[in-house]
Amino acid sequence: MSETEKINQLRSQLVTLYQQHQDGLLFHGWHHITFVTNKSIVFAKELGANEFLVQSAALVHDLNYIVESNSKPEAGKGLREEILSKAGYSSEEIEKIEKIIMDECTTNRHGDISLESKALSDADTLFKALPVTPILFASKYIEENNVDVAKLAHKICDEQTHLMESGIYFYTDKAKQSYLKWAKVNLELWSNVEECLKDEDVREMLEIAESSEVI
Ligand SMILES: [Fe+2]
């Protein structure tokens, strides 16, 4: 089976699976997977990474959210294996894809990951940094993962500030040049969210909004 056939097989299985789970995947749904896959190919080309492996990893990188909400990538390992095998991937390819995903995870990644993980990381991170994401999808993340805004703001600042400070928020020149300005504003926004939640009048206002089901 050719690489293109494997990708096509994989994609068609995933389209069906994501359709079945779309109600629960308000943030990590097929819209997210499609965007991350498209951008990961662009970044893979720039880096000279293996495009087949990057594209495959991007397609299955968030299957853990189908297995269990608010989970880590490890939770999707079994489902990834099952779906990739069905699509004709060898166990060696499945192992490589698993490593790309584990290494690109925001909580694991560092400066010395593979080119394939760097390409996927830039695409996945870019979704978080898009100016539309806090406006349209932050509340969807809160609903999907059953967390509150304080927890989400803390998670973002805690996971992303040191990546920005150590110069690996993005790995590719293209992402750095085109999107770092968005990422900085985004991180500043979430830091401001954390700061404003210290104000007791803000907290009271949010509690009222929540109890009256405005938010
Ligand atoms: Fe993702």
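Leucine 136 is partly exposed, with a relative accessible area of 48% (buried is under 20%, exposed over 50%, partly exposed in between; 1.4 Å probe, protein chains only). The residue belongs to helix H8 (residues 132-145), where helices are DSSP runs of H or I of at least four residues, numbered from the N terminus. Together with Val132 and Ile135, Leu136 forms a nonpolar surface patch of about 300 Å² accessible area. Such patches take residues with over 30% relative accessible area and no salt bridge, nonpolar side chains being joined within 5 Å; a salt bridge is a side-chain nitrogen of Lys or Arg within 4 Å of a carboxyl oxygen of Asp or Glu. Areas come from the Shrake-Rupley method with a 1.4 Å probe.

This is a predicted model, in which local features need pLDDT of at least 70 and side-chain atom pairs pLDDT 80 or more, while totals for chains, interfaces and linings use all residues. Residues are numbered from 1 along each chain, and side-chain values use heavy atoms, without hydrogens and water.

The iron ion is coordinated by His32 (NE2), His61 (NE2), Asp62 (OD) and Asp124 (OD) at 2.2 to 2.3 Å; donors are N, O and S atoms within 2.8 Å of the metal. Asp62 lies in the loop between helix H3 (51-60) and helix H4 (64-67) and Asp124 in helix H7 (residues 115-129), so the pair ties together parts 62 residues apart in sequence.

| Residue | Relative accessible area | Class |
|---|---|---|
| Asp62 | 7% | buried |
| Asp124 | 9% | buried |
| Thr172 | 0% | buried |

Thr172 sits in the loop between helix H9 (149-165) and helix H10 (173-196).

Technical notes:
Donors = N, O, S within 2.8 Å, 3.2 Å for Na, K, Ca; no water. Helix = DSSP H or I, 4+ residues; strand = E, 2+ residues; numbered from the N terminus. Patch = residues over 30% accessible without salt bridge, like charges linked within 9 Å, V, L, I, M, F, W, Y side chains within 5 Å.
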